[in-house]
Amino acid sequence: MKTTFCFIFCIIAFIIAGCSSLTLRPANFSWPIEIAVTPDVDGTVKIPRYQVSFNSKPLLFEELQDSIYVTNRMMHVIRDQNGYYFITAKDFKNVYVFNQDEGALKLESKIQVSENGLEAPAFNQKGLSVQLVNEQKENEPAILLSTDGIQEGEKK
Amino acid sequence: MKTTLYIFILFLGSFCFLNARQTSERLIVNKFEGSVKELSLFADSAKTVQDCAEISSMIDEIEMKYAEKKDLLDRALYPDDYSKAIEKLRGKLLIRRNDLGVIETQYARITELEAQVLGLSNKIDSLDQENEKLANAIKRMSGSKALVDSLKMVISKLRKNLIKRDEVIFSLVDSLFLQYDKNVANMTDIEKQSIYGKLERKNVFTGLKKSIEDNLNFLRSTNLTPSDYVEIARQNSRFTSQWKGVGPKLADIYLSGKKKTDEVMLIDSLLGVWSKEVDRSNWESLNTILTKNGIVLKPFNNGDEFTANFTGYVDTLIKNTMEEPEDVRAKQFNAFNDNVWKNNIEPTWLPVLLESGKLTEDQVDKIENAVDNWESAVSPISPIVYISIAIVIIAIVIGLAMRFRKKPEEEG
């Protein structure tokens, strides 16, 4: 009886230990500056510094309905503290926020930031948020973004 | 109340934070990396001690320029951080210096001169920016009568700045040549190439051309006073003599480059245009002063014509062909003497015209003599002269009277 009880107790203990998730907190995934990179002929964006690559064709098609001419579009990518990827490019009307998934980037949110398309977008890392600026116009007001949308500033 | 104030400060702070930094940080990092890469290549290809000194001050410059972005660069650069990137550059330069066998004392002296060059070069940039603002202000104010005083101040500031800029660019060229401690003729090909590179990097030709063009534009702008013209004439002759010293050196350095030889000639011709314009506006301004004060001379465009016409005019007045009364003539001379001669021409114009070679000493003497003669011709005779004449006449009369009295006595 005693042995059976011990055996059951051990099994329960193992099950409990196996079910509880171990969390490492805090963690910071932010990149200090954005990466501006052109996709290769296959539409793959490669970021060697962080060993990241992804296929940009679906994104380009979603935004521009064109995924043929991919090599002439500079993609601006930055990762925020929580690990979300913010992606946009020239002439985009939106900033796309992706989360990491199994072998993929999954769209978390799509933030409209411009009526007519961005002129020269660039991301800056600003604490918990991501700042979107116009690279060519220093005096143009910036927009602060988070996964939920625009935090500060107005659409361009 | 306190809470409201904190909320307001917080709001203002976040507003400033949002609006203060809107540049792309990636661009800043890229620019820094680009500069480091470029300087690294320069260090590898340095051939002389002067090259090393120049690269050393360029490293100082980028270190200073990006010091306030250190936090960002430390985070963004990989695998090095900001300090390590600078340190690596200095290390590379040190190795190159050792390879070239640079003597430390010589290097220290040249580095000092190079720092001077860098300082002067930055000064030129800031003066250019300031002068552009002043020139725009002059354009804006020129139409408004209410802003006359402000306009005068701006013109005076711009005139001073132009003089300063001219001085700075020549000092820069001097400091560059001083590093080599020898005549261009005695320089090796490597040294010539090195100074050639420096002159190019510091945009010396563009700077010199800009100096002349800015001076020309200033001269052509309206609302200049006679004293402005005098200063411009002075500046023109200073610039010309400095260019005479520097021009041949630059020509020697650029002897093989056709394009640059043309640039030396272009500066020569631009300087010629400026000098002619200064000449023309000087004579015009002088004529305006005289005409405004009732002295109408025949047109003159050079020293000979001015001397001949002025002395001729004065001769006519001395001869009094119009037969004007004495008091009118005296009044005319006094007006000229007080308003033009003593106030303007004698203390200001004549020395400048003499200094710039537009008048010779002989011509200045002639003009001064003419004025002296004019003064003598119109000045009333002094009462002392009348009294002396009277005394002499009385003495003669008394003498004669005594003589006539003596004669009858002798006869008696």
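I began with helix α12 (residues 303–319) of chain B, which has 17 residues and reaches 24 Å from its first C-alpha to its last, close to the 24 Å expected at 1.5 Å a residue. The expected span is 1.5 Å times one less than the number of residues, and helices are DSSP runs of H or I with at least four residues, numbered from the N terminus, while strands are runs of E with at least two.

I noted where the model comes from: it is predicted, local features need pLDDT of at least 70, side-chain atom pairs count only at pLDDT 80 or more, and totals for chains, interfaces and linings use all residues. Residues are numbered from 1 along each chain as its sequence is written, chains are lettered from A and ligands numbered from 1 in the order in which they are written, and side-chain values use heavy atoms, with hydrogens and water left out.

**Entry on α12**

I looked up which residues of α12(B) are buried (under 20% relative accessible area, with exposed over 50% and partly exposed in between, for a 1.4 Å probe and protein chains only), and found among them G303(B), F306(B), Y313(B) and L317(B). At the N-terminal end, N302(B) caps the helix, with a side-chain oxygen 3.2 Å from the backbone nitrogen of D304(B). After α12(B) comes N320(B), whose phi is positive, near 55°.

**Entry on salt bridges**

I counted salt bridges, each a side-chain nitrogen of Lys or Arg within 4 Å of a carboxyl oxygen of Asp or Glu, and the structure holds 25 of them over all chains. In one of them, R90(B) and E63(B) meet at 2.6 Å, N to O. R90(B) lies in helix α5 (residues 82–100) and E63(B) in helix α3 (residues 49–66) of chain B, so this pair ties together parts that are 27 residues apart in sequence. R90(B) is partly exposed at 31% relative accessibility, and E63(B) is partly exposed at 30%.

I then turned to pairs within a helix. D74(B) and K70(B) form a salt bridge at 2.8 Å, N to O, and they sit four residues apart in helix α4 (residues 70–76) of chain B, about one helical turn. In helix α9 (residues 204–220) of chain B, D214(B) and K210(B) are likewise four residues apart, and their closest N and O atoms are 3.1 Å apart in a salt bridge. Here D214(B) is buried at 16%, whereas K210(B) is partly exposed at 29%. I also found R220(B), E277(B), R280(B) and E284(B) linked in a network of salt bridges.

**Entry on the largest pocket**

What lines the largest pocket, and which residues lie nearest its centre? I found 24 lining residues, with S121(B), D125(B), R201(B), K202(B) and N203(B) nearest the centre. By class, the lining has eight nonpolar, six polar and 10 charged residues, and α6(B) gives the most to it, with six residues.

**Entry on R26(B)**

Last, I looked at R26(B), which lies in helix α2 of chain B and is buried, with a relative accessible area of 10%. Its side chain is joined to that of E135(A) by a polar contact of 2.2 Å.

**Terms I wrote down**

- A polar contact is a pair of N or O atoms within 3.5 Å; within protein, one must be able to donate a hydrogen and the other to accept it, and residues adjacent in sequence count only if both atoms are side-chain atoms.
- A pocket, on a 1 Å grid over the protein atoms alone, is an open set of points where a 1.4 Å probe fits, with protein on both sides within 12 Å along at least five of seven lines, and lining residues have an atom within 4 Å of a point.
- Ala, Val, Leu, Ile, Met, Phe, Trp, Tyr, Cys and Pro count as nonpolar, Asp, Glu, Lys and Arg as charged, and the others, Gly among them, as polar.
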